[in-house]
Amino acid sequence: MSWSQTQRGAPPGLAPQDKAASYSRISANRFVPVCGSLQGSLRGGSLHPAATSHRHSTLISLLPLQPPRKCLARQRGSLCIRMCGIIGIYRHQGSANAELYEGLLMLQHRGQDSAGMVTTDWNRFCEHRANGLVREVWPSQSRMDKLTGSSGIGHVRYPTAGTPSAQEAQPFFVNSPLGIYLIHNGNLTNTEHLRTLLNGSHSFFNRHMRTGSDSEVLLNVLADEIHRAHQRCLTNPTCDPRNHKLEMVLEAGTTAMKLLQGAYSCICLVKGVGLVAFRDPFGIRPLVLGKRSSPSGTEYCVASEDCAFGPIGFQRVRDVRPGEMLVISESGELISRQCAVPEPPAPCIFEYIYLARPDSVLNDISVYNFQLGLGDRLADRLRQMDWDIDCVVPVPDGARPTAIQISSVLGLPYREGLVKNRYVGRTFIMPDQRTRELSVKRKLNAMPAVFSGRNVLLVDDSIVRGTTMRQIVDMVRRAGAKKVYLASASPPVRFPNVYGVDLPTRREFVACDLSEEQIREVLGADGLLYQSMSDMETVGRALNPSISHFEDSCFTGRYCTGHVDPSYLASLEASVRVKERRQPGPLREPTGNAAITA
Ligand SMILES: O=P(O)(O)OC[C@H]1O[C@H](OP(=O)(O)OP(=O)(O)O)[C@H](O)[C@@H]1O
Ligand SMILES: NC(=O)CC[C@H](N)C(=O)O
Ligand SMILES: [Mg+2]
């Protein structure tokens, strides 16, 4: 495996005082950065009394959040939001639609921007995809009833490439050389190179792509490679292309994996072949196989996380192996082909810290046990600090298992001091800073009953931009805490993730170029303890000794797939600047914005 180090110097980070910048509303459409934490209440357009008296108090917009129209699904999130979730179901008979719907609900935490589904009886394919949550994309039984067929695939999206437009909601489709629908979790790092190949002499067809999505490029690479396998078959007198479709797809898996760079866990429906699932040679994003018995034979489910299996009656079999392609033929036979020599596996460590549900088992590691292990390691380090702690308080929801373990190992009371509004979703991936800050205030409320007069240890799973922690420290102090200590279950996030988690630019990270002491100061805490890299890796390796490396680039800047083109990193940086320049529009309920309706 080759490891590359990004340029540590560029792009330049912000000065400490800029990192503490929040936004003050000075007129309806104009915001200026100011130093200090945000204060104020969202209730009825009036300030919280405490806000005006606090030393850092700053007037903020008291109007409802005004997110960019395109990102509404992300703003309103009533559930967790993170990246993309995929699921495929093969049944011998009956309808797949209701089970796909249930499965997508279980994966909703991975993506909230759009959802899509295709079902088939292997003759006719029925499709629907639109912006919104799963329950908004299929608000009625009648819309679901149009998705007929016993097998199908479903996707929930959080974009990492292209735009959040409904046109880029998945599945994507090509009809040549075989009808293929594809869903993808991950992110390609050589999309532009592949696009050039597909538009140039490398491709038979000069394939035309309609969107900026890397997933559409991935699908076209696969289709192009199937076409090549078809051409090879035509020159072989013993090969009949009509009986050779399965082999062509497996061959295409092998050749496509040589071209694709980055992270990809994919599921496809291929006409004349069956349900196809494959995973990149490093196994960066998860993909799990499940099965169940039926009177007609074994039925299969493939999904991003096995938490999707329980409600629809599948049992976990195993992870799809890095570099493996699985085909469940139209008649229900399971075929496996190792398409790429697997690299040393490098599953994304952020799945265990933040992305996946704790009830999932990924790469034979229970996410919950991983988080308990992070708590064990932090507790060991906390013993060495001279902090006088009265109680341990998690930042809900992600940090609970870690905080519970710290409390139990150190024998300190565990208290739920931050009450979460369940109707506000995940904040760190929201598209602009003002929205994230207001969202934290809407989402969490500090209880004086827990904090008043106490020295508290606040535990969070990660500190990314510092938006959450900075505001929590502030609200906890206003709730009467004497000393506020912080523990992060993961090390400082310092580098962009290019494999499907939206951590796009260095300059946004609070830890970008600050020492831990400077970060503590920016966050306004009395003490700050980060998990160490070696402790975190130890936790993972103890739970699955066959994994010697995790994909941990956001902490180390080492990209497991090799050198990442600086121009690609620069393009990520530029895309974030564009996002931030967009003027917010009014907050409205989404309309669904369907792209294609069955
Ligand atoms: O430093 P920041 O940029 O604020 O990001 C870090 C925070 O974001 C995530 O929470 P989030 O609110 O997204 O989801 P959760 O409710 O599942 O913890 C994470 O759990 C941290 O709390
Ligand atoms: N988060 C993801 O896995 C995103 C998949 C794909 N890169 C997209 O942007 O649609
Ligand atoms: Mg959180």
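**Helix crossing, domains and a ligand shell**

The crossing of helices H11 and H17 is right-handed, a term for the near helix being turned clockwise from the far one by less than a right angle. Contact is made by Asn-369, Phe-370, Gly-373, Leu-374 and Arg-377 of H11 with Asp-535, Met-536, Val-539, Gly-540, Ala-542 and Leu-543 of H17, where contact requires C-beta atoms, placed from the backbone, within 7 Å. These residues divide into six nonpolar, three polar and two charged; Ala, Val, Leu, Ile, Met, Phe, Trp, Tyr, Cys and Pro count as nonpolar, Asp, Glu, Lys and Arg as charged, and the others, Gly among them, as polar.

The model is predicted, with local features needing pLDDT of at least 70 and side-chain atom pairs pLDDT 80 or more, while totals for chains, interfaces and linings use all residues. Residues are numbered from 1 along each chain as its sequence is written, and chains are lettered from A and ligands numbered from 1 in the order in which they are written.

The protein is divided into domain 1 (4–64 + 367–546 + 556–581) and domain 2 (85–347), with bounds from an automatic or database domain assignment. Their contact takes 10 residues from domain 1 and 14 residues from domain 2.

Around ligand 2 lie 16 residues, of which Met-83, Cys-84, Pro-159, Asn-185 and Gly-500 come nearest; a residue is near if its C-beta atom, placed from the backbone, lies within 6 Å. Strand E9 (180–188) and helix H8 (214–234) each give two or more residues to this shell, elements being DSSP runs numbered from the N terminus (helices, H or I, at least four residues; strands, E, at least two). The largest share, four residues, comes from E9.

Notes
Two residues are in contact if their C-beta atoms, placed from the backbone, lie within 7 Å.
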